[in-house]
Amino acid sequence: MYPSRFRYEAPRSLGEAISLLRENGDEAKVLAGGQSLVPLMKLRFASPELIVDINNVGGLDYHSAETDGTLRIGALCRHADLERSDLLKSTQPTMAAAAPLIADPLVRNRGTLVGSLCHADPQGDWASVVTALGGSVIAQGPNGRRTIAMADFVTGPFENTLEPDEIAVAAVIPAAQGTRAGGYLKLERRVGDFATVGVAVAIETSGATVTRAGIALTGVGGSTIAAIAAADALTGQPLTPETIEQAAERAAQAANPRTDHRGSAEYKRHMVRTFVVRLLSRDGDSAERAA
Amino acid sequence: MTAVDEIKIGGLGASRKRVEDQRFIRGKGNYTDDIVLPGMLHMEILRSPLAHARIVSIDTSRAWQIPGVHLVLTGEMMATRNLAWMPTLSYDTQAVLATDKVRFQGQEVACVIADDPYIAKDACEAIDVEYEPLPPIVNPEQALADGAPVIRDDKEGQDSNVIYNWEVGDAAGTERAFAEADTISRLRLHYPRSHPSPIECCGSIADFNRATSKLTVYMTTQAPHIIRAAVALVAELPEHMIRIISPDIGGGFGNKVPVYPGYVCSILASILLERPVKWIEDKTGNLISTGFARDIYLDGELALRNDGKILGVRMHVDSDHGAFFSDAQPSKFKIGLLHSAFACYNIPAGRITARGTYTNKAPGGVAYRCSFRVTEAMFFQERMIQAAAQDLGMDQAAFRRINLVSDDQFPFRTPFGFLTDSGQYGKCLDVGLRAVGYEDFRKQQAEAKARGRLLGLGISTMTEPLGAGNSREYDILGIKMFDSADLKVHMTGKAILRTGAKTQGQGHETTWAQIVAHELGIPAEDVVVEEGDTDTAPFGMGTYASRSTPVAGAAVAMVSRKIRAKARKLAAHLLEVSEEDVEWELGRFYVRSAPDRGVTIQECAMAAYSNMPDGMEPGLENTAYYDPPNLTWPFAVYIVTVEVDPETGVWDVLNMVAVDDCGVRINPMIVEGQIMGGLTEAYAMANMQFITFDAEGNCVGSNYMDYLLPTAWETPGYELHSEVVTPSPHHPIGAKGIGECAAVGGPAAFVNAVMDAIADTGVRNIDMPLLPDRVWEAITKRHDVSGAPPVRSDD
Amino acid sequence: MTTVYDDLGDQDTGEVPVRRIKFTINGVRKAAEVEPRLLLAHLIRQGLGLTGTHMGCDTTNCGACTVLVDGRAIKSCTMLAVQADGHEITTVEGLATASELHPLQEGFREEHGLQCGFCTPGMMLAAKALLAANPDPTEEDVRWALSGNLCRCTGYQNIVKSVLWAAAKLRSEPAGDAESGPAGDPAQEA
């Protein structure tokens with residue numbers, strides 16, 4: 001539990017941080033909350049040459065909505081800020097459901113949503129939420145900013161599409177056209193456990209019709225799974241037991257779980273189906289933790 | 001003048017606030033890792049990544065190059081000093097550092113001593129080991145299969161993976177009982193490998209002083225005197241020049257009894273370097289290599305008459321000991337006190353056969369609040385009782401009542417030779433059933449079932465053998481299992497008490513003083529209690545198996561009585577009467593014919609130094625060694641109600657009632673704390689906590705991401721009952737001990753509750769932990785679910 | 001940490017880069033020179049000799065190392081010492097004043113909220129952060145707030161009672177004490 005040696009810089013501006021990344025390329029890692037990176041370094045699964053600590057860069061610890069409802073979450077916005085957020089509780093049901101389920105309260109005081117997306121752990125909860133909401137990551141590099149859709153952001157387990165000299169500075173959740181509904185259910189054996197199965201559902205309705213749907217799955221594949229066909233079963237339809245059942249079935253098929261000490265593949269698929277049904281039917285509490 | 005008020009002075013039955021707390025709440029505890037000695041170096045261990053492999057070569061040259069590295073030890077170097085192997089507490093041998101082979105993932109292969117642990121870790125990473133993998137064995141079935149590789153090929157004459165075969169009971173009588181039975185109820189299950197996992201890991205600071213030739217070792221040990229003897233044996237140092245100091249311990253639960261390779265390496269390193277060497281393991285090292293618990297398979301049968309009477313019991317157990325047989329347990333019994341199973345039931349005949357095997361896993365088996373395998377015994381017992389009641393179609397409580405030993409049957413000889421001496425089993429069951437609202441619950445259960453909801457209730461009743469044990473039958477490595485107390489009363493009536501026990505959170509500094517207060521009337525706050533330093537503490541066998549109150553606590557009472565006997569003589573002298581005319585009440589002696597004429601115990605103490613009768617040796621101090629005449633037998637009833645979600649397999653505890661009859665309670669507050677801690681461990685084992693292995697011998701559960709302890713969020717609340725008190729007839733203060741009861745009896749209550757909820761499926765067993773996927777599989781597929789290794793996978 | 005090395009021959013000693021940091025701990029201003037890889041928990045335990053903060057695991061799970069940084073409860077084993085530069089740290093040693101125990105310390109003793117004591121400092125600090133944000137928590141609030149701190153001895157029931165005892169005592173104390181304040185962001189409490 002002792003990291004190997006590394007150099008350390010704590011820049012005070014994004015420009016400085018990006019220069020450092022530019023100079024050191026693959027050998028540098030960005031440190032924000034550190035609740036994923038530092039544990040890896042302590043186990044020596046990660047041994048970067050240089051740590052670029054961005055905690056002293058101003059203007060990144062915010063989350064706020066623009067007038068049209070677009071939600072921006074800065075790179076230093078902590079999970080705990082999101083857990084306590086009245087804004088999320090009143091406007092973002094899927095996010096509000098997930099925030100309390102990230103790790104444990106102490107880790108939530110340091111860890112960041114943007115950092116979690118960048119870490120790209122297949123068992124990461126936020127990635128499913130942002131995927132289901134059709135969100136994106138804003139990356140800043142020496143040549144300016146670019147927006148990367150969440151669907152394109154993760155390229156494999158623990159791999160993202162950022163260039164070595166880019167920093168993710170924010171996540172963006174697009175404004176809703178209709179009325180938001182949804183939630184996140186996570187099968188964990190206790191607080192702080194990784195998801196055996198996690199399901200994020202984010203829908204928008206106009207009247208009785210679903211105008212937009214997003215369903216994403218945690219822990220049942222090599223990466224976060226965007227259950228697109230499952231979402232398609234809902235779009236343009238009312239929410240009925242039949243459409244819900246079809247979405248659930250398609251989501252289960254989209255899952256690609258492994259049989260391991262957390263359960264059989266069959267069980268995990270079944271839980272995907274069960275969670276989708278519970279999230280879309282109003283009889284379950286969409287913020288409940290399932291274990 | 002009158003007697004002092006026992007509760008006011010913190011005697012028996014007082015829920016005295018704890019002495020220990022004063023330093024712990026200030027962060028001023030003195031745990032092993034808190035200790036810093038001048039010139040101290042730090043040690044880290046390199047562990048094997050493979051479960052079974054020949055060591056082809058070890059190259060430490062790069063490690064030696066790292067600045068700050070003082071010493072790199074390998075098995076080869078240890079072997080030149082005859083220290084590569086050491087004897088275990090079970091008459092086997094264990095590798096200190098691997099030489100020929102590694103035999104479990106995580107086994108110690110080399111160690112580095114450096115200026116700080118960061119550098120030591122860097123150097124460990126620079127050691128190059130070449131392995132030649134061998135087929136790994138992860139369960140007894142594989143170990144016993146034809147053609148299985150012999151794991152202990154280091155042992156001459158060992159041509160299989162069998163460690164022992166053992167049996168107890170009456171084979172012929174049991175055969176007859178089964179022949180007469182109307183029904184035979186059979187149950188097979190695996191009690192999974194678990195680990196005590198106190199939050200504080202193991203560690204030692206070895207300090208060899210060349211100038212004085214004395215070796216001092218600060219270490220996390222529950223049994224400092226056993227360690228002193230072991231170190232004398234292993235390191236061939238004279239016993240009087242070894243001092244073991246066990247400071248504050250952050251939880252033991254049996255994890256801190258065995259002698260671990262890390263201790264031995266730190267001692268050798270200190271001798272070679274002539275500097276203090278600190279070794280503190282990390283949690284992965286602790287979980288992957290130190291004394292695990294359980295991992296034992298049951299094939300059990302009950303012979304039943306249709307009216308519910310149990311005629312006989314037959315059990316075969318296969319115990320997976322890992323790569324070395326290193327259990328700390330009474331040497332006469334290969335599987336500890338597992339044959340105390342069914343002691344609370346009136347069963348005429350029984351037979352247990354047991355087999356132990358080696359596997360490629362960490363060594364151990366006896367640990368984790370187990371009272372020497374009694375956790376296994378009582379889990380098997382209550383799971384078999386549950387299955388039998390179901391097989392007969394009888395109510396769980398009624399079936400137990402028919403078979404429980406009744407009050408007038410004591411002393412009662414169990415079919416396996418134990419003598420239980422006291423209890424009010426029926427009354428405890430009454431209290432528990434009333435508290436949980438048994439009749440109402442069964443009604444609710446039926447109504448809920450009609451609406452598709454699964455409620456369940458589980459009962460677990462047991463008496464267990466604590467306070468091992470009498471010298472005729474019990475010893476560890478030949479050393480008898482008595483314990484001791486040394487009491488010195490100063491001239492102002494204050495006192496210092498030392499015992500051979502070693503507290504790890506049980507509150508001895510608080511409770512032993514209460515016994516002295518009870519016996520002598522000296523206020524508990526006037527008695528300071530020390531444990532753990534072999535230079536000052538009287539010889540004892542340490543604290544585990546809930547033996548401290550029964551044995552060391554008894555010694556405290558006996559030494560207090562020795563003090564009181566001398567004080568009586570002093571009182572007679574002060575009162576100028578003969579001893580026969582002197583009476584005692586709490587805190588004072590008085591003249592029988594003139595009760596107002598008396599002297600306090602404090603006045604007697606002063607007299608012992610300033611006004612002795614002619615011919616009396618001055619001073620007021622004594623030592624008592626206590627050889628317990630019998631084990632003590634607390635009784636418990638644990639009842640759990642649950643709701644199971646059939647769609648997800650997730651289950652929630654609705655209610656948990658515990659009725660504990662542990663005889664006289666020294667400090668009710670502390671007793672309740674012990675029960676709640678044990679119930680939480682029971683819940684953990686039933687719900688989420690286990691260590692397993694995949695087909696390659698990789699350990700799953702070697703860190704806290706996979707080895708799950710429940711948090712405050714999951715852990716249920718408990719309703720504790722203390723109405724029934726049956727004092728031990730032989731213990732000096734009638735106490736029976738409590739530390740492990742809830743961990744022993746608790747798990748079956750949780751499992752039985754879930755099994756009760758899904759009774760309609762016909763499923764007989766789901767192995768612990770009852771994870772959601774296992775419960776779901778049982779409900780959906782209607783078959784038993786095993787959790788035995790290797791872990792299922794897609795491959 | 002500055003370390004003196006034995007000169008053990010012709011090893012490549014090289015330069016071990018250290019960084020100078022300044023921080024406040026339990027109200028006292030300190031400076032230190034640390035290797036970047038030094039964990040905050042080790043700075044506290046070995047560098048400052050404050051051993052009340054304990055190390056219990058190696059995967060950021062157990063919470064025995066919990067301290068407050070700018071009033072927020074965090075796991076000091078998962079923060080680098082260099083990251084404490086410019087910040088305020090509170091450890092268990094900073095709970096009591098010279099003359100008085102903190103109500104949390106009293107509560108843990110009153111309600112038998114500790115047995116071996118190893119998890120206790122972390123529990124009390126996590127509870128302190130909770131009570132600063134929520135002076136009147138329910139049992140559920142307490143269990144939730146402490147769900148990042150593992151205990152093996154007590155079964156948590158008495159820990160919850162200890163925190164509620166402390167909360168009641170703090171609420172009954174005259175206003176102006178450091179604990180009472182607007183519910184909300186505990187980071188506003190130093």
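Is the crossing of α10(B) and α11(B) left-handed or right-handed? I looked it up in this predicted model, and the crossing is right-handed.

**Entry: the helix pair**

I checked the axes of helix α10 (residues 374–392) and helix α11 (residues 396–403) of chain B. They come within 9 Å and cross at roughly 110 degrees. That makes α10(B) roughly perpendicular to α11(B), because angles of 65 to 115 degrees count as such. Next I listed the contact. From α10(B) I noted E382(B), I385(B), Q386(B), A388(B), A389(B), Q390(B) and L392(B). From α11(B) came Q396(B), F399(B) and R400(B). I sorted these residues into five nonpolar, three polar and two charged.

**Entry: salt bridges**

I found 80 salt bridges over all chains. I picked out a few.

K186(A) pairs with D125(A), and their closest N and O atoms are 2.8 Å apart. K186(A) sits in strand β11 and D125(A) in helix α8 of chain A, so the bridge ties together parts 61 residues apart in sequence. K186(A) is buried at 2% relative accessible area. D125(A) is buried too, at 6%.

Then I looked between chains. E266(A) meets K781(B) in a salt bridge of 2.7 Å, N to O. This pair runs from helix α12 of chain A to helix α19 of chain B. E266(A) is partly exposed at 43%, and K781(B) is partly exposed at 34%.

Last, I turned to D5(B) and K8(B). Their closest N and O atoms are 4.0 Å apart. D5(B) is partly exposed at 39%, whereas K8(B) is exposed at 72%.

Terms used: Residues are numbered from 1 along each chain as its sequence is written. Chains are lettered from A and ligands numbered from 1 in the order in which they are written. This is a predicted model: local features need pLDDT of at least 70, side-chain atom pairs count only at pLDDT 80 or more; totals for chains, interfaces and linings use all residues. Side-chain values use heavy atoms; hydrogens and water are left out. Axes are lines fitted to C-alpha atoms, for helices over the stretch in contact, and angles run from 0 to 180 degrees between N-to-C directions. Helices (H or I, at least four residues) and strands (E, at least two) are DSSP runs, numbered from the N terminus. Angles under 35 degrees count as roughly parallel, over 145 as roughly antiparallel, 65 to 115 as roughly perpendicular and the rest as oblique. A crossing is left-handed if the near helix is turned anticlockwise from the far one by less than a right angle, and right-handed if clockwise. Contact means heavy atoms within 4.5 Å. Ala, Val, Leu, Ile, Met, Phe, Trp, Tyr, Cys and Pro count as nonpolar, Asp, Glu, Lys and Arg as charged, and the others, Gly among them, as polar. A salt bridge is a side-chain nitrogen of Lys or Arg within 4 Å of a carboxyl oxygen of Asp or Glu. Buried means under 20% relative accessible area, exposed over 50%, partly exposed in between (1.4 Å probe, protein chains only).
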